[in-house]
Amino acid sequence: MSVEERDRYTGHMTTGHSWNGITELNSRVPRLWYICFAIAFLFSVAYWVLMPAWPGMESHTQGLLGFDQKKVVKQQRIEAEQNTAMWRDQITNTSLSELADNAEVMTLVRRAGPALFEDNCAGCHGDLGQGATNYPSLNDDAWLWGNEPESIYKTLQHGINSGHSQARIAQMPAFGNSGLLDSESIHDVALYVQSLSNPLIGNGSNVSELLQVNNGKSVYQAQCVACHGSNGQGNPLFGAPNLTDTHWIYGYPLKTLIETIVAGRAGQMPYWEDRLDDNLLKILSLYVPTLSEDAEIHHSDDRTKTDNS
């Protein structure tokens, strides 16, 4: 039913519509809105006159100010190239070891490195280089091929098992699938590997476990020493990981170690020389080692907060 009436609370006329006792008001638009609309209209008219706005068949109105965003961007690129030309030449013509000792260059690396790392590396290694299962951490002191800028540069340039003709090659043999070791030997050598970083394993409190660890040590000496070394600390020349620390790419549980020994591992790292120019590769090679420095500072701050709490 539609019956116009004046609302007794606001004094405005209603629309005459009522639903279940709820009456719709016919309130006036506040004057402030008219003022805002008028200002917006005047601004748009001024913008149309002063700035490029109206499209034509082949071009557009130029505007009284003659503003051209393409020219602005072009000029900004020219200025950016001029500003970076000096350090680009310096990076190109200087060795990585010398660049690492140059405080000015390292300041530039710390500014440019995070964006480069995020765009090209963080997808696998994490935004802070913390790594993940199947992807190595880059913010610690455990490195398969060494953490010197020169070594990192070669890895970035050619990759690991990447198919590049100069790629680093690293492969953990499949001792189980190839029949080189039986299941008992595989279990024992996996247990021995665990004991290298956990002295509680095979410490003599469990005679059966001790016998298994000793047997595993014999298997290790026969099959694993060539790559991982007699002390289990690995060899960067072969990309063989250290087995005596707590840094494990594929995981530390006994089941995972057995899977590794049975089926082998052959992780891949893509090569970047076709995607990034030499200067950017050098910047990344210098930036990645700083991730462990930043992580150590962060851990030190956490320890300090804990000690003070």
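Predicted model: local features only at pLDDT ≥ 70, side-chain atom pairs only at ≥ 80, totals over all residues.
Me: Let's start with S137. Where is the place of S137?
Reply: Look in the loop between α5 (122-125) and α6 (149-158).

Me: And is S137 buried or exposed?
Reply: Buried, because its relative accessible area is 18% and the cut-off is under 20%.

Me: OK, which side chains does the side chain of S137 make a polar contact with?
Reply: There's N139, with a polar contact of 2.7 Å between the two side chains. The D140 side chain also makes one with S137, at 3.1 Å.

Me: What does S137 touch if you skip residues up to four places away in sequence?
Reply: G129, Q130, G131 and A142.

Me: Now the other serine. Where is S151?
Reply: S151 is in helix α6.

Me: Buried or exposed?
Reply: S151 counts as buried, because its relative accessibility is 10% and anything under 20% goes in that class.

Me: What lies 3.5 Å from a polar atom of the S151 side chain?
Reply: The backbone oxygen of G146. G146 also turns up among the residues that S151 touches, along with W145 and R168, again leaving out residues up to four places away in sequence.

Me: Switching topic: how do β1 and β2 run?
Reply: Antiparallel, with 3 bridges joining β1 (residues 14-19) to β2 (residues 22-25). As for who faces whom, S18 stands opposite T23 in β2.

Me: How many residues are between the strands in that hairpin?
Reply: There are 2, and N20 in this hairpin takes a positive phi near 55°.

Me: On to the inside. How many residues does the largest nonpolar core have?
Reply: It has 29, and the ones with the most contacts inside it are V109, F117, L156, L284 and L286.

Me: Which elements give two or more residues to it?
Reply: α2 (69-92), α3 (96-100), α4 (103-120), α6 and α11 (278-308). The largest share, 7 residues, comes from α11.

Definitions and conventions:
Residues numbered from 1 in each chain as written. Heavy atoms only, no water. Helix = DSSP H or I, 4+ residues; strand = E, 2+ residues; numbered from the N terminus. Buried < 20%, exposed > 50% of the residue type's maximum accessible area, 1.4 Å probe, protein only. Polar contact = N/O pair within 3.5 Å; in protein donor to acceptor, adjacent residues only side chain to side chain. Contact = heavy atoms within 4.5 Å. Pairing = 2+ DSSP bridges. Core = buried A, V, L, I, M, F, W, Y, C linked by side-chain atoms within 4.5 Å.
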